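Let's take a walk through a protein together, from the whole chain down to single residues.

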Amino acid sequence: MARIRDLLAVQRTVSFEFFPPKTDQARAHLDEVMTELSVHHPDFVSVTYGAGGSDRQQTVETVTHLQAEHQVPTMPHLTCVGHRVSEIDALLDSYAAAGVESILALGGDVPLDATDVPTGDFRFAADLVAHLKADGRFSIGVAAHPEGHPRSPNSREDRQRLADKLNEADFAITQFFFNIDDYLSMMNDLADLGCDKPVIPGVIPLTNSNQVTRFADMAGATIPSELIERIAAAAIKGGSPTASEVLKLGIEVAVDLSQGLLDAGAPGLHFYTLNRAKATKAVLSSLAVPAE
Ligand code: FAD
């Protein structure tokens, strides 16, 4: 179909991230979501990869299904956690056989409650990047954290590690963030470190108030006080804010951020959809086409 490296060389990309559905009903729902979102002509979609167990096979099945049934270039996420080289190679063979041409290489996190995750052969994402590069079949993406990775001792070291990793890969996709300055200062730091690879910003339209704090904790992302205040204001007006009020606020915030990113020259937009179409569609429909 198309390697993400080649797509980014000629155009801005629009992409959607999904997690692998676990039931027949959830699989049918993802098909509906994909069909709804296809009006925005995604250049690619990506599918997350669990820390262990059966979730991992579901990623392979979801990637193969989306690529074949929806004819959209589909990029699996792949993590180091607990993997032997032979397991990674078997996965790469099944992806190549399914026509997959791009892989997102990640460190991954051992789940807090995990007790039986085996030792793996890869420690950091950069180790997986080196292996994929030697393999040679895939365009390689990596993760970037505009606010810094939560485990990094300091931002200087974090940026240097990111620049080193990204220089060996083709592109990065960011963790979600809400303050455009975090993205822009990361891009300046990377340029200062001699790295000019494309970094696609990840955007999440928050769609319910519980997500606000839960996601911030999970990703080390700062939720802007303005958004918290606006949700609180809606709560004061009418008790607890309705789902549609929070959805509207989440969409407004994501539209402002996305438009700012496009105006600042971002190479694309990657939406964390949470396997739902409504908010992402609303954001994309509200964006003005940026001047190239
Ligand atoms: P790395 O690049 O390995 O970095 C992890 C930490 O190690 C950083 O602090 C880094 O500075 C440090 N480090 C790197 N190299 C070295 C070195 N040589 N020596 C010492 N320290 C070093 N997780 C999942 O489990 N499944 C998913 O599908 C998934 N998808 C994601 C998609 C995106 C776009 C993003 C941004 C994140 C995703 N994650 C996913 C989360 C990700 O796995 C975690 O953030 C993880 O903690 C770090 O991944 P990384 O690839 O940035 O790791």
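**The chain as a whole**

The chain has eleven helices and eight strands; helices (H or I, at least four residues) and strands (E, at least two) are DSSP runs, numbered from the N terminus. This is a predicted model, in which local features need pLDDT of at least 70 and side-chain atom pairs count only at pLDDT 80 or more, while totals for chains, interfaces and linings use all residues. Residues are numbered from 1 along each chain as its sequence is written, and side-chain values use heavy atoms, with hydrogens and water left out.

How much of the chain is buried? Of its 292 residues, 48% count as buried, where buried means under 20% relative accessible area, exposed over 50%, and partly exposed in between (1.4 Å probe, protein chains only). The accessible surface of the chain comes to about 13,900 Å², and carbon and sulfur atoms account for 52% of that surface. Such areas come from the Shrake-Rupley method with a 1.4 Å probe; for residues, only the protein chains shown count as cover.

Contacts tell you how the chain meets itself. A contact means heavy atoms within 4.5 Å. Among contacts between residues at least 6 apart in sequence, 80% join residues at least 24 apart.

Now look for empty space inside. Rolling a probe the size of a water molecule over the atoms shows where empty space is left. A search of the whole structure finds two cavities of 30 Å³ or more. On a 1 Å grid over the protein atoms alone, a cavity is a set of points where a 1.4 Å probe fits but cannot get out, and lining residues have an atom within 4 Å of a point. Grid points are joined across faces, edges and corners, and a volume is the space filled by probe spheres set on the points.

The largest cavity holds about 50 Å³ of space. Its lining includes M1, A2, I4, F44, M75 and S102. Sorted by class, this lining has seven nonpolar, four polar and one charged residues. Here Ala, Val, Leu, Ile, Met, Phe, Trp, Tyr, Cys and Pro count as nonpolar, Asp, Glu, Lys and Arg as charged, and the others, Gly among them, as polar.

Let's stop at one of those lining residues, S102. You will find S102 in strand 4 (residues 102-106), and with a relative accessible area of 3% it is buried. Leaving out residues up to four places away in sequence, S102 touches A2, R3, I4, T74, M75, P76, F138 and S139. A polar atom of the S102 side chain lies 3.1 Å from the backbone nitrogen of I4. That pair is a polar contact: N or O atoms within 3.5 Å, where, within protein, one must be able to donate a hydrogen and the other to accept it, and residues adjacent in sequence count only if both atoms are side-chain atoms.

The side chains of D170 and S139 are joined by a polar contact of 3.0 Å. D170 sits in the loop between helix 6 (155-168) and strand 6 (171-176). Is D170 buried or exposed? It is buried, with a relative accessible area of 15%. Its side chain also has a polar atom 2.7 Å from the backbone nitrogen of I140. Beyond its neighbours within four places in sequence, D170 is in contact with R5, F138, S139, I140, K197 and P198.

Helix 6 is also the place of R159, which counts as buried at 7% relative accessibility. Which backbone oxygens does the side chain of R159 reach? One is that of H145, at 3.4 Å, and another is that of P146, at 3.1 Å. Among the residues that R159 touches are D182, S185 and D189.

Finally, visit two loops. H41 lies between helix 2 (24-37) and strand 2 (44-47), and it has a positive phi of about 45° although it is not a glycine. N275 lies in the loop between strand 8 (268-272) and helix 11 (278-286), and its phi, near 60°, is positive in a residue other than glycine.

Technical notes: 1 Å grid on protein atoms, 1.4 Å probe; cavity = no way out; pocket = protein on both sides within 12 Å on 5 of 7 lines; lining within 4 Å.
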